[in-house]
Amino acid sequence: MTQKQVLVVTVGDEDIYEKGLEAIRRMEEGEKIDEPAVLSFADEEQLAEVFNVHTYSLLRVIREEEPESIRETARLVERDVKNVHQELTRLEVLGVIRFEEEGRSKKPVFPYDDLLIRPFVDERSETVSA
């Protein structure tokens, strides 16, 4: 059975540095790490700057349509190529997507099976339920 790859996005997770160090230590000791990839933002404003309606549209198109290039991605979301390129580059830097070089084109790829946004984190870094 293949492990599902999940990107977890959090807000205010101050323990992320310590969690990262712990994961590195465990890997160095040969332990298998099956934890999801985590992207943490300092506050909701930062989260909203990255994950907005345009981002969701891009990620949905990349996942469902599998465009072969940035230009094709822009066409599918009916947006300017320059703006889509800038947004995809930012998502790549954050580790949300990656690019595969295909000739002269850069194919955007969402390398996860799922995206989970946990905007409400308490002091113990647990999801706050309603």
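Reply: A nonpolar core is a set of buried Ala, Val, Leu, Ile, Met, Phe, Trp, Tyr and Cys residues joined through side-chain atoms within 4.5 Å; buried means under 20% relative accessible area, exposed over 50% (1.4 Å probe, protein chains only). This is a predicted model, so local features need pLDDT of at least 70, side-chain atom pairs count only at pLDDT 80 or more, and totals for chains, interfaces and linings use all residues. Residues are numbered from 1 along each chain as its sequence is written, and side-chain values use heavy atoms, without hydrogens and water.

Me: Which residues of α3 are buried?

Reply: An α-helix has 3.6 residues a turn, so residues three or four places apart point the same way. In α3 the buried ones are Thr55, Leu58, Leu59, Val61 and Ile62. They sit on the same side of α3 because they cover an arc of only 160 degrees around the axis (directions from the helix axis to the C-beta atoms). Val53 and Glu64 are exposed on the face turned away from that buried side.

Me: What do the buried residues of α3 pack against?

Reply: Their partners are α2 (44–50), α4 (70–77), α5 (81–93), β4 (105–109) and β5 (114–118).

Terms used. Helix = DSSP H or I, 4+ residues; strand = E, 2+ residues; numbered from the N terminus. Contact = heavy atoms within 4.5 Å.
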